[in-house]
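This report examines a metal site and the charged side chains in its surroundings. Please consult the sequence and the model shown here while reading.

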Amino acid sequence: MIDIHHHLLPGLDDGARTLDVSLSMVETALADGITHIVCTPHASHHYCFSPETNATVFAELQDAVNQRFGEQVMTLGLGCDFHLMFDNIEDAQHHPTRYTINGHNYLLVEFPDSAISPNTAQTFYQLSLSGMTPIITHPERNLILARQPERMEEWLKAGALIQVTASSLTGRFGPMAEQSAAWLLAHQWVHFLATDAHNNDSRPPLLRPAFDLVAEQYDLATAERLCIANPRAVFYGEALDPQPEPAAPHSVESRRRSTGKSSFFGRLFGR
Ligand SMILES: [Fe+2]
């Protein structure tokens, strides 16, 4: 499996604190069946984002991983967790490869929890004109998007993609994220599962539990598409294979499937 969202670089953000922690996270990921990890430090106001520093730390980490686990056992890539804010958007339009995964065309995009700009479609359009395909990270954990997933429909139609955190599906982020992730899956709005790992304890690098859940609730092909094929295309900057058509936001069948487990959304949002 291939993990496209992982705070593995040591000492740069709220992810791995030290190289030893990074190596223990790689060990966990390998045991889970992960063969590729994209290191995605935050690009936000909270942390100093320096592509040059990231590249240096990345090279040191890859060397250490090769020494500890052997050559070509774990393949690392480099991108960032791109917070959707004015400075970032401006700079990315002029320097896309500072932010995209492995310098190709896919860009992880995280929304703020507090507000979603009404100009988001225009922003995505501008990013696409600069050659970037936005991947919306964990909308199921965003308070606004979890409650109003239909706001993403026009972005999806315009070519944006969606990444759900694997452990949201298995309940680690609580019932709202779990139900929202289930809703997104049921509507075929999800293109990737990723760990968004930060450490080996509370935010571990595990994809397998979510892979198994999707394989059981849907089928093996869907689990492989979300955890292997689509992430591999992103890692190497290739086009995705044709994807299932997203269902309309309030289609009856998908709503029944996503709410079959409980009426949480119905109670909370009157659906
Ligand atoms: Fe992240």
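## Burial of the histidine ligands

His5 is buried, its relative accessible area being 0%, and His7 is likewise buried at 1%. Here, buried denotes under 20% relative accessible area, exposed over 50%, and partly exposed the range in between, computed with a 1.4 Å probe on protein chains only.

The structure is a predicted model, in which local features need pLDDT of at least 70 and side-chain atom pairs count only at pLDDT 80 or more, whereas totals for chains, interfaces and linings use all residues. Residues are numbered from 1 along each chain as its sequence is written, and side-chain values use heavy atoms, with hydrogens and water left out.

## The iron site

The iron ion is coordinated by His5 (NE2), His7 (NE2), Asp81 (OD) and Asp196 (OD), at 2.1 to 2.4 Å. Donors are N, O and S atoms within 2.8 Å of the metal (3.2 Å for Na, K and Ca); water is not among the atoms, so sites may look incomplete. Along the chain, the donors follow the spacing H-x1-H-x73-D-x114-D.

The arrangement is irregular because the four donor atoms subtend angles of 82 to 175 degrees around the iron ion. Four donors count as tetrahedral if all angles lie between 85 and 135 degrees; four count as square planar and six as octahedral if opposite donors are over 155 degrees apart and all others between 65 and 115; anything else is irregular.

Side chains of opposite charge can pair when their charged atoms come close. A salt bridge is defined as a side-chain nitrogen of Lys or Arg within 4 Å of a carboxyl oxygen of Asp or Glu, and the count by this rule is four.

Asp196, one of the iron donors, forms a salt bridge with Arg141 at 3.0 Å, N to O. Asp196 lies in the loop between strand S9 (192-194) and helix H9 (208-217), and Arg141 in the loop between strand S7 (133-137) and helix H5 (143-147), so the pair ties together parts that are 55 residues apart in sequence. Helices (H or I, at least four residues) and strands (E, at least two) are DSSP runs, numbered from the N terminus.

Asp196 also forms a salt bridge with Arg203, with the closest N and O atoms 3.3 Å apart. Both Arg203 and Asp196 are buried. Through shared partners, salt bridges join Arg141, Asp196 and Arg203 into one network.

Glu153 and Lys157 form a salt bridge, their closest N and O atoms being 3.7 Å apart. Both residues lie in helix H6 (residues 153-157), four residues apart, about one turn of the helix. Glu153 is partly exposed at 23% relative accessible area, and Lys157 is exposed at 68%.
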